[in-house]
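The sequence and structure are shown first.

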Amino acid sequence: MTAARQGAGREPGEVVTELYGLLPADFTAARNQHAAEASRTGDKELGKRLKALPKPSAAAWLANTLVRQEGQAIADVLSLGASLREAQADLDRDELRRLNSERHRMLRALARQARELAGETGHPVSAAVAAEVEQTLWAAMTDADAAAALATGRLVRGLEANGWEPVDLDGAVADPGSAQPLVSAGARNDGAARPSRPAPVRGDGEGMSSRQQRAAQAKALRSAEDALASAKETARKAEEQLAAVQAELDSQTAARDALTDEIDDLRERIRELEREVSTVDRHRGTLERSRDTARREARAARRALDKAEAKLQSLH
């Protein structure tokens with residue numbers, strides 16, 4: 001029984017989630033089977049929706065596989081990300097240092113584990129793909145929405161974080177309207193802050209005058225504003241570069257998917273031609289046997305004719 005027939009009667013969201021858990025080599029054929037089955041059973045809109053599902057990149061496939069195979073480790077990463085966002089909001093430097101150290105350890109371990117897992121599935125990946133998976137996990141730690149996207153196990157492409165803007169999720173999740181998390185995405189930062197530490201109290205002799213305090217504050221404010229303006233300009237340029245690279249990547253991904261679909265179609269055509277060749281060969285074999293029989297009969301007829309002619313001549 002085909003995967004499409006096995007999926008008949010199931011919720012579309014379940015089918016989509018199942019597809020993004022397949023090996024890259026199996027994705028296109030399974031997607032097309034499900035789409036064809038939906039169309040045959042009368043749901044042409046669902047058939048179009050399934051047919052339009054893009055094949056995941058190697059890094060997205062591996063991240064989706066981690067969500068399925070190492071769900072607890074992914075949940076721990078996303079939980080740590082929620083803690084990091086909270087510490088960032090609270091400006092808790094000590095907690096940030098501790099959590100960042102833990103983050104580096106967890107991401108390195110998961111990147112190694114991802115490559116091992118890819119090898120075990122018979123689809124080994126390069127160090128560059130493993131690095132893209134690590135970047136995707138880091139992006140999910142920095143952004144609650146990116147964490148939710150990863151948790152669906154339906155990533156189409158890797159995720160990136162620049163540290164300033166929310167992670168770009170446009171087109172990153174397949175059929176997002178039907179997506180459900182496969183693991184806990186971690187607690188969202190709802191703005192509730194932890195109790196702040198009391199400011200130290202200075203003695204009268206240690207305090208600055210009001211004028212000195214205002215001057216120091218004004219200087220600090222100008223410095224912060226300058227730093228913010230510089231950071232915004234750097235972030236803007238980085239975003240423009242990211243957008244250009246992402247557009248080119250999306251174009252190449254679409255071209256690759258189209259070529260992969262064409263290869264699948266050609267392979268199916270080759271199978272059809274091979275079946276036709278087998279049919280012709282069987283018919284050809286039958287004709288060859290008929291020819292051999294006719295040849296023997298013709299030889300026998302010629303011998304009989306020769307005998308008849310010889311006998312006739314002997315009577316003259």
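## An enclosed helix

Helix α9, residues 144-151, has six of its eight residues buried, so the rest of the structure largely encloses it. The buried residues of α9 are Ala144, Ala146, Ala147, Ala149, Leu150 and Ala151. Buried here stands for a relative accessible area under 20%. The cover over these α9 residues includes α5, α6 (71-90) and α8 (127-142). The model is a predicted one.

## The chain as a whole

The protein chain has ten helices and zero strands. Read along the sequence, its pattern is α-α-α-α-α-α-α-α-α-α.

The chain holds 316 residues, and 30% of them count as buried. Among contacts in the chain with a separation of 6 or more, 68% are between residues 24 or more positions apart.

## Packing of α6 on α8

Two of the helices that cover α9 also pack on each other: α6 and α8 meet at an angle of about 45°, and their axes are 7 Å apart.

On the α6 side, the contact is made by Ile74, Val77, Leu78, Leu80, Gly81, Leu84 and Arg85. From α8 come Leu137, Trp138, Ala140, Met141 and Thr142. By class, this contact of α6 with α8 has nine nonpolar residues, two polar and one charged.

## Packing of α5 on α7

Helix α5 (residues 58-69) packs against helix α7 (residues 93-120) at an angle of about 95°, with the axes 10 Å apart. This makes α5 roughly perpendicular to α7, since the angle lies in the range of 65 to 115 degrees.

Helix α5 brings Trp61, Leu62, Thr65, Leu66 and Gln69 to the contact, and α7 brings Leu110, Ala114, Leu117 and Ala118. Seven residues of the contact of α5 with α7 are nonpolar and two are polar, with no charged residues.

## The largest pocket

What volume does the largest pocket hold? The space in it is about 820 Å³. Its lining consists of 33 residues, and those nearest the centre of the pocket are Thr28, Lys55, Arg256, Asp257 and Thr260. The elements giving two or more residues to this lining are α3 (24-40) and α10 (210-315).

The largest share of the lining, 15 residues, is from α10. By class, the lining divides into ten nonpolar, ten polar and 13 charged residues.

## Two loop residues with positive phi

Most residues other than glycine have a negative phi. Leucine 91 is not a glycine, yet has a positive phi of about 55°. Leucine 91 sits in the loop between α6 and α7. Is leucine 91 buried or exposed? Its relative accessibility is 67%, so leucine 91 counts as exposed, the cut-off for that class being over 50%.

Aspartate 175 also is not a glycine and has a positive phi, of about 45°. The loop that holds aspartate 175 runs between α9 and α10. Aspartate 175 is buried because its relative accessible area is 19%, and the cut-off for buried is under 20%.

Key. Residues are numbered from 1 along each chain as its sequence is written. This is a predicted model: local features need pLDDT of at least 70, side-chain atom pairs count only at pLDDT 80 or more; totals for chains, interfaces and linings use all residues. Side-chain values use heavy atoms; hydrogens and water are left out. Axes are lines fitted to C-alpha atoms, for helices over the stretch in contact, and angles run from 0 to 180 degrees between N-to-C directions. Helices (H or I, at least four residues) and strands (E, at least two) are DSSP runs, numbered from the N terminus. Angles under 35 degrees count as roughly parallel, over 145 as roughly antiparallel, 65 to 115 as roughly perpendicular and the rest as oblique. Contact means heavy atoms within 4.5 Å. Ala, Val, Leu, Ile, Met, Phe, Trp, Tyr, Cys and Pro count as nonpolar, Asp, Glu, Lys and Arg as charged, and the others, Gly among them, as polar. On a 1 Å grid over the protein atoms alone, a cavity is a set of points where a 1.4 Å probe fits but cannot get out, and a pocket is an open set with protein on both sides within 12 Å along at least five of seven lines; lining residues have an atom within 4 Å of a point. Grid points are joined across faces, edges and corners, and a volume is the space filled by probe spheres set on the points. Buried means under 20% relative accessible area, exposed over 50%, partly exposed in between (1.4 Å probe, protein chains only).
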